[in-house]
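Okay, thanks for coming, everyone.

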Amino acid sequence: MTQNEQGLQGPPPEERPHPDGRRNSQGIRIDPAVEAEPRTRTALVSALVEHEPGVLARVSGLFSRRQFNIESLTVGPTTVEGNARITLVVEETEPGIDQVKKQLGKLKPVLSVGELGDRAIRSELVLLKVNGDEPDKVHAVTQMYDGETLDAGPRTITVQLTGTHDSIEDAIDAFRQFGIIEIARTGPTALARGDTPTTPGEKPAAEATLGVPATDGGDTAESTVADETQAETTN
Amino acid sequence: MKESASQTTADHSHDEPSAADPAETTPEADEERTKPAGPTPVTDGSTSVVRALENAGVQHAFGVQGGAIMPIYDALWDSDIEHITMAHEQGASHAADAYGVVAGTPGVALATSGPGATNLVTGIADANMDSDALLSLTGQVPSHMVGSDAFQETDTTGVTMPITKHNYFANSADTIGDTVGEAFALAESGRPGPTLVDLPKDVSFEETDVEPGEPTVPQNAEPPTTADAASIMAAARAIERAEKPLLLFGGGVIKANACETARAFARDLEIPVVTTMPGIGSFPEDDELCLSWAGMHGTGYANMAITHTDCLIGVGTRFDDRLTGGIDTFAPEAEVVHIDIDPAEISKNIHADYPCIGDAELVLNQLTAEIDHAPDAREWREQCQTWKTEYPMDYPVDEDAPLRPEFIVEAFDEATDDNTIVTTGVGQHQMWAAQYWTYTEPRTWVSSHGLGTMGYGLPAAIGARFAADDDQDVVCFDGDGSFLMTLQELSVAVREDLDITVAILNNEYVGMVRQWQDAFFDGRHMASEYNWMPEFDKMAQAFGAQGWRVDNYDEVAPAVEEALAYDGPSVIDFHIDPEANVYPMVASGAPNGQFALSEEQL
Ligand SMILES: Cc1ncc(C[n+]2csc(CCOP(=O)(O)OP(=O)(O)O)c2C)c(N)n1
Ligand SMILES: [Mg+2]
């Protein structure tokens, strides 16, 4: 390199050409004139995992350290011994949801990740403990929402409701008149509709497959972007 | 201690197919399988761990002894694996990390439970940020005491969960060796990274005669290798029609051993090349097509090119914020082709118009096969050359003024061969070492990029020395502040008689902080003045190393020569201009093309 007396040479910043283009906060090239706040949406994500100690800590740790907005998480066994399904509801921008799925896919105990669309079957459960002053009316509302009375004591009645997020919201509204004392609520858990596996490549336990043709692909996680089909590996 | 050990084990070869080779193992061979493959049989958890390391071809391990890891160390007594006792576990993790960078196979670090494990954490986090393959083995309190706040108990898998690719808690002597093998394989597979196995003492002691197999990547962790044809076709068309194409080689090119392919790709298509900092060495910096590295302290020409390109082909890079500057102004006119083995890096920071997921070498080969003609980029190449002449990297030299750090870096570069390995601490000296040394070979630039860990340089030089060829020099450019953080490792270099040279660019400041204070904090030098350092040359001598102090230009060349010629660890304390600053500089979040050439331009 050459040496001089003055230090670094060259046109100063204001004399340099600079292109007019812009990217938004997600690194996508945009027309600066029509820049809008990136919109978020709610996504239902299903992850098939090895049910080993610490797997929930790995998943929840991932969400907290990457600042993913998580609304609910449910976990339970599948037909396959040693596997579990984690169902997550996340509220993120489109690239954010993409990141959620890919980062989940990198965790070693995560076997497969899929996003469930609108056609998926989903259900959540709520337990409501309300004042028992008007048992008949409580019973009527419970029936109206296809609920079940689990406990009816002298002062409180506890009912169970299952259904979609919205139907449960409606039911809770209807119960408010009695005075709700306590609520315990799961997030949604979900399966893909029909023959479609809930996460890509997911297979039932060997016993369950007898006589049932194996299914592959479908309308779950198969993606619109070419890269996603390769996304479910650890790196 | 090693002499007696190596006599009994001298004929044990890692390459020799043995009864323990799982590929050969059939159910009938089970009886064979439990027979010892090496000089000493697997008798318990710890001998199984050591056997797994031997099966993986491990030759060196760096660590510090302690209660919970003692059984593993005891098993190492009978092994050919050379253990290097470090002064501090942080040193062990950095040495192992750098060993892995230079050798291209995972480095191995050992530590006891509790403080031993927590001392490893900085090095593990460093490896995680730089995608370096590193296997850490930590002792743990006996299983039945886990969770009881036992003496030297730390939840090591909990602490390291966010900074490892994956970590394991060994719970049975029968599987402990295969777990270690899997952790080793996982560390280097796909996008490399650190893994850790926590080894409870009772499991290490537990009896077993199960021979571990070869290191095997877990089933669902096999990385993608080639990109799908549609992505390749789309990317190829984008490259063909580009008028201002630019290749951006990241550290992934080196990790994938794809440098030859990447170089041929650039030269065949005559596409200019910019590297990231971890990508330094992937493309020779003395090649006309090379614009050196872009980003915060990158060259003006690299930052001009990355600002004006219309087709940016990123290979093995994660578009870190020190590279991109402000996202809004990063390569704002460019269609982005992004080749990476980690799908999660695609469109994480910068949207990829043409994602190609796979191994860098294989995907570049796919692209080469698909591309029909080179882009028509003659004007663009000329423009890049113009920027090179417009924004030369140079510095003022006044023989009567204090030493310029850049001069020292260039003096070492001139005095050494092309294959010389450079390690660094973190700060201004690191940037000068990156800017003013001309790198031409991969795995010769060994630094802490993503984590920016002061203290990396010396232990990294030790690790690099063990991995390097005998004819390679190892030079560590360190800062006074950085050196102070891990200088106790000099005792290791002396004990092992390691031929390394430490060049301290001593500005009596944590200079990078001082530079920012001058630029952004009204020159208030809060806690940045380091005029309280020991005399490093004398200190080096007290350790048993050679030491020099250099204040003037005419002392530079002789000291460099003597230090390089000295067969053992040497330290030169260069007292440099305390006012020297690192430029060009892109302020945090600013557009790369608006790099400042001096403080006034910030
Ligand atoms: C472990 C650690 N602590 C603090 C920092 C913050 N830091 C970044 S650069 C720097 C200055 C380093 O000083 P020195 O090693 O003397 O290098 P110089 O910049 O003077 O060349 C500091 C304190 C860091 N990167 N790492
Ligand atoms: Mg300093």
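**Salt bridges, chain contact and helix packing**

So, searching the whole structure over all chains turns up 30 salt bridges, where a salt bridge is a side-chain nitrogen of Lys or Arg within 4 Å of a carboxyl oxygen of Asp or Glu. Before I go on, the housekeeping: this is a predicted model, where local features need pLDDT of at least 70 and side-chain atom pairs count only at pLDDT 80 or more, while totals for chains, interfaces and linings use all residues. Residues are numbered from 1 along each chain as its sequence is written, chains are lettered from A and ligands numbered from 1 in the order in which they are written, and side-chain values use heavy atoms, with hydrogens and water left out.

Back to those charges. Side chains of opposite charge can pair when their charged atoms come close. One pair is R237(B) with E240(B), at 2.8 Å from N to O. Both residues sit in helix α10 of chain B, residues 229-241, three residues apart, about one turn of the helix. By helix I mean a DSSP run of H or I with at least four residues, and by strand a run of E with at least two, numbered from the N terminus.

How many salt bridges are there between chain B and chain A? The count is two. K106(A) pairs with D342(B), and their closest N and O atoms are 2.5 Å apart. As for the contact itself, chain B puts in 63 residues and chain A 49, with contact meaning heavy atoms within 4.5 Å. About 4,800 Å² gets buried between the two chains, and carbon and sulfur atoms give 52% of that. Buried area here is the accessible area (1.4 Å probe) that two parts lose on being put together, summed over both.

Now the helix pairs in chain B. Start with α12(B), residues 259-269, against α15(B), residues 360-370: the angle is about 25° and the axes are 9 Å apart. That makes the two roughly parallel. Axes are lines fitted to C-alpha atoms, for helices over the stretch in contact, and angles run from 0 to 180 degrees between N-to-C directions. On the α12(B) side you have T261(B), A262(B) and F265(B), and they meet residues of α15(B) including L364(B) and L367(B). By class, that contact has four nonpolar, three polar and one charged residues. For classes, Ala, Val, Leu, Ile, Met, Phe, Trp, Tyr, Cys and Pro are nonpolar, Asp, Glu, Lys and Arg charged, and the others, Gly among them, polar.

Next, α17(B), residues 405-415, packs on α18(B), residues 428-436, at about 50° with axes 9 Å apart. So α17(B) is oblique to α18(B). W432(B), A433(B) and Y436(B) of α18(B) meet α17(B) residues, among them P405(B) and V409(B). The tally by class is five nonpolar, no polar and three charged.

Then there's α5(B), residues 89-103, with α19(B), residues 457-467: about 40°, axes 7 Å apart. That pair is oblique too, α5(B) to α19(B). What's the make-up of this contact by class? Ten nonpolar, three polar and no charged residues.

Most residues other than glycine have a negative phi, and most peptide bonds are trans. S131(B) has a positive phi, near 50°, and sits in the loop between α6 (115-129) and β4 (134-140) of chain B. Y583(B) and P584(B) are joined by a cis peptide bond, omega about 5°, with P584(B) in the segment after β19 (570-575) of chain B.

Methods: Parallel < 35°, antiparallel > 145°, perpendicular 65-115°, else oblique.
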